[in-house]
Amino acid sequence: MAVHWCVILVLSVHVYVTRCTPAIDLNGQWEVLNIKRGYRIPATVPGSVYTALIESNIIGDPYYRDNDANYKWIGREDWTYTRTFEVTAEILSKASVILVAEGLDTFATIIINGQTNLATTNNMFIRYVYDIKNFLKVGSNNITIEFKSAVLMADALAKNSSYDIPPDCPNPAQNGECHRNFIRKEQCSFSWDWGPSFPGQGIWKNISIDAFNTGVIRELTATPLLVNSTWSIDIQLYLDVNNMNTTGRLKTSLQLAGLTSSKLVSRTISVSTVQSEFLYRFAVPKELPIHLWWPNGYGEQALYYLNVQFISGDEMAQKTVRLGFRTIELVQEPVSGNSSQGLTFYYRVNNVPIFFKGTNWIPADSFQERITKARLRSILDSAAEVHINSMRVWGGGVYESEDFYDITDELGILIWQDLMFSDALYPTTLSFLNTVSVEVSDQVRRLKRHPSIALWSGNNENEGIVSTKKDARLRQDYVRLYIDLIMPIVTIEDKTRPFVPSSPSNGPESKKEGWIAKNTGSEYYGDVHYYNYYADLWDWKTFPITRFTSEYGSEAWCNYETIEPVFNESDLDYYSAMSNHRQHHPMGNQQMINQTKMHITLPNSNDPKQQFKNLIYAIQIHQAMAIRTETEHYRRYTNQLTDDGRGLTMGALYWQLNDIWQGPTWASIDFDVKWKMLHYYVKNFLNPNLISPYIDDNNLNIYMVIDEIPVYQDRSSTGNRQIQFRPLKIAKNFVNTNYEHRDKIKQLEKSVNASSGQVIMEIYNWKNMSPLKTWTIPFNLNLTSELIFQRNVADILSEAGCSDKKGCFFYFFLNSKINPTSTSWLPLTYFTDTQGVIPKANIEISNVVALTSTQFTVTLMTDNIAPFVWINAYKISGRFSDNGFIMKDHLVQLTFKSWQPVSLDTFKKSLSVQSLMDIYSN
Ligand code: BMA
């Protein structure tokens with residue numbers, strides 16, 4: 001067979017399309033025009049008008065000071081992209097010549113060679129494909145894409161609406177734009193309570209031209225399916241073909257990375273429409289061993305390559321995608337057999353109940369074109385390193401890139417994928433519903449091959465919002481959009497994953513209430529979002545006892561050195577106008593102060609800069625301890641039920657992982673990919689073997705929480721690996737939980753024995769580096785989460801000879817073979833009025849050694865016990881093995897891993913260290 005020469009277009013490392021026809025890549029250099037201002041400047045595609053303006057020095061850094069307000073004009077004007085390209089006679093000789101725009105932001109008119117009647121667009125989340133053969137000529141051609149201001153379009157659409165659809169405008173603290181809900185564009189680009197308003201325009205994804213005689217593969221997607229212990233793959237193939245009578249052959253093969261064995265299955269197809277869709281089931285050949293894909297911490301993330309070739313006439317088109325084999329179910333069953341006590345809400349992956357330990361993801365930059373794969377890698381690696389196994393891609397941003405999901409597939413981070421609707425009610429005009437239906441099916445088709453995607457969720461918080469509204473039209477609109485339109489599309493497009501209409505929502509209980517529950521924050525059903533800006537967040541009694549908390553958080557500033565370059569000298573003051581401008585959550589800066597000072601005496605420097613630094617440090621301590629307290633509370637409730645039926649918590653996703661700019665936000669990693677203190681605490685409180693002490697009235701209680709770990713056994717004859725599980729201790733309170741291999745589990749329980757050991761508890765006086773007393777607490781867990789110790793605190797203190805509880809603290813560590821090991825500590829009071837109680841520690845950096853160009857060891861030496869030791873490598877992006885910790889020994893050795901190579905000398909010079917008592921000048 002004669003096959004034409006092929007162009008391999010790499011969409012990401014793991015997805016590439018081979019186009020066996022001459023294709024024109026329209027990425028790269030364009031020009032962008034603003035006719036009103038007479039600008040004509042170069043622009044890179046994919047990109048946005050903002051980065052073009054930066055590159056031409058027309059604007060400065062949009063994140064500098066209040067440039068978000070100064071640059072509002074950009075989003076309120078129209079911008080036009082234009083370029084020329086060559087078309088050969090060979091291209092024009094093809095039967096079809098197709099323009100493929102993967103993403104246009106947002107209101108665009110496409111003009112080719114001056115002909116304006118080709119197309120207009122209105123949704124940045126849709127791929128637009130047009131046959132442009134009749135618009136082209138041999139030689140030089142022009143493509144012009146005129147964008148209209150999304151801000152003005154949103155405003156006009158809102159004015160045209162026959163009724164008000166809230167929220168109208170954002171809170172003035174956000175300096176944002178209005179009526180984002182009327183348009184299908186990244187919702188937070190109109191501002192958010194953690195981010196600026198930069199409502200971009202531009203060609204934000206790849207753009208190219210296909211030319212062919214028969215057809216091309218537009219999309220290939222696949223979902224593995226387990227039926228009667230046998231794996232198969234449901235494959236969906238979307239072809240663009242030249243003519244409805246095309247016939248061809250499909251060849252399908254599957255391969256595990258690193259394994260040579262692959263199976264080729266051939267079939268003949270004939271198409272009946274120009275955009276043709278094929279569904280077929282591919283039985284995984286017996287001789288190909290299937291390794292399961294597991295979430296982070298539960299096993300390996302085995303990934304396979306699936307290749308499909310479409311051969312027709314003398315043309316061949318092919319596509320390879322990567323996928324993984326795993327099952328997932330959302331279990332919502334009566335708790336303790338009594339439906340009046342609500343339903344469970346948890347996920348089973350490969351039949352194993354998984355506690356979703358994780359966080360929420362927001363866009364990593366206002367300007368998508370600046371988000372490199374390396375940047376995604378460093379943020380997502382940071383998540384996996386601290387035992388995160390799940391993450392919600394929040395509904396106010398974008399459906400993330402292939403790179404993003406490729407990385408979450410590799411790291412085993414389960415994705416709770418919101419559809420992009422957030423904190424608003426939305427119109428249901430015919431044109432809105434039409435564009436949403438294309439968007440949802442496009443996105444589900446694009447993403448569903450990724451094993452990391454665990455479920456689809458209709459929106460962020462909109463059920464909660466509409467439940468407060470009396471207006472029947474708004475309530476109807478809600479049901480029309482998510483239940484009547486979106487839910488059937490998602491469930492038809494993807495039969496392998498659960499769909500929840502909203503987050504938070506009450507599952508079947510919301511359905512009973514007409515899909516709009518009276519109280520979406522119910523502790524008895526579904527997921528919960530919980531925030532409190534007034535309460536004591538270091539007190540576990542503050543928190544709800546939920547089935548699953550998919551958002552909870554507390555604000556803290558980014559690291560000082562991250563805000564420094566975008567502020568001027570006088571801004572570097574906690575109380576400056578610029579500091580206030582940066583805070584988008586109304587009263588946020590004051591709330592952080594109020595909540596911090598409940599727990600820590602505030603610093604008292606007269607120098608505004610020093611005071612700002614110290615306050616950032618104190619507030620970060622507050623945030624870290626608050627989220628630690630809340631998360632441990634949820635993990636402790638894995639197996640507990642209160643008398644009124646709350647508990648069996650199976651998910652804790654704190655708000656939020658990452659930042660869109662430098663500022664005060666809920667994030668644990670700041671915009672420079674520097675970990676805030678919270679992120680170091682995440683590593684401890686999400687440890688698979690958690691020691692969780694807390695004080696309840698008069699008692700000290702200690703829980704052990706140990707995640708389930710599957711055990712691998714090689715079936716040497718076939719090379720196939722079978723997976724068995726340690727006992728599913730989680731399951732005690734869950735009804736109807738069946739697990740296979742029950743007998744095997746019994747045997748394994750005896751042999752693995754990873755759930756027993758000893759916790760060593762020490763009590764210290766702040767002024768003495770030897771413990772006052774040490775206890776050994778044995779444990780042998782029958783459940784994932786169990787109380788292993790309970791005793792009256794006053795008795796313990798008197799036994800230890802600690803006369804004033806302000807002067808003492810507890811320290812815990814494991815004496816067991818459990819891996820990873822873990823430590824914990826617990827102060828007996830808050831850190832108010834600690835002068836004279838906690839001595840000032842002199843901490844020295846005593847030794848720094850380079851292991852490689854990106855790895856160092858650092859030894860710290862102290863003369864006193866020091867709480868909240870914070871070591872910093874100024875301007876060097878990377879992470880220490882621990883930080884914000886209590887230093888109770890004279891020497892501590894840490895490691896530092898930088899994201900980029902750095903010399904030993906530079907690294908040494910960058911280091912500084914402090915602890916709590918250093919923030920008080922006397
Ligand atoms: C929830 C989120 C976001 C918001 C966060 C903090 O409402 O869904 O909308 O940024 O809380 O306020």
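**Disulfides, core and ligand site**

Analyst: A disulfide joins C802 to C808, with an S to S distance of 2.0 Å. Please note that this is a predicted model, in which local features need pLDDT of at least 70 and side-chain atom pairs count only at pLDDT 80 or more, whereas totals for chains, interfaces and linings use all residues. Residues are numbered from 1 along each chain as its sequence is written, and side-chain values use heavy atoms, with hydrogens and water left out.

User: How many disulfides are found in the whole structure?

Analyst: The search finds 2 disulfides, a disulfide being a pair of cysteine sulfur atoms within 2.5 Å. The other bond links C169 and C178, whose sulfur atoms are 2.1 Å apart. With the bonded cysteines of the protein chain numbered in sequence order, the pairing reads 1-2, 3-4.

User: What is the handedness of the disulfide of C802 and C808?

Analyst: The torsion about the S-S bond of C802 and C808 is about 110°, so this disulfide is right-handed. For C169 and C178 the torsion is about 100°, so that disulfide is right-handed.

User: Are C802 and C808 buried or exposed?

Analyst: C802 counts as buried at 7% relative accessibility, and C808 counts as buried at 1%. Buried means under 20% relative accessible area, exposed means over 50%, and partly exposed lies in between (1.4 Å probe, protein chains only). C169, at 40%, counts as partly exposed.

User: Turning to the core, which residues have the most contacts inside the largest one?

Analyst: They are W361, L481, I486, F868, F907 and L916, in a nonpolar core of 130 residues. Helix α10 (residues 472–493) gives the most to this core, with 10 residues. A nonpolar core is a set of buried Ala, Val, Leu, Ile, Met, Phe, Trp, Tyr and Cys residues joined through side-chain atoms within 4.5 Å. Helices (H or I, at least four residues) and strands (E, at least two) are DSSP runs, numbered from the N terminus.

User: What does L481 touch?

Analyst: Leaving out residues up to four places away in sequence, L481 touches F421, Y426, T428, F432, L433, V436 and I486; contact means heavy atoms within 4.5 Å. A second, separate core of 73 residues includes F198, I203, F367 and V566.

User: Now the ligand. Which residues are around the ligand?

Analyst: Those around the ligand are W192, D193, W194, W394, D423, N460, E461, Y531, E551, W655 and W666, each having a heavy atom within 4 Å of the ligand. A polar side-chain atom of D193 lies 2.5 Å from a ligand oxygen atom, and one of D423 lies 2.9 Å from a ligand oxygen atom. In E461, a side-chain N or O atom is 2.7 Å from an oxygen atom of the ligand.

User: How much of the ligand does the protein bury?

Analyst: Taken alone, the ligand exposes 300 Å², and the protein buries 91% of that. Accessible areas come from the Shrake-Rupley method with a 1.4 Å probe; for residues, only the protein chains shown count as cover.

Note on methods
A polar contact is a pair of N or O atoms within 3.5 Å; within protein, one must be able to donate a hydrogen and the other to accept it, and residues adjacent in sequence count only if both atoms are side-chain atoms.
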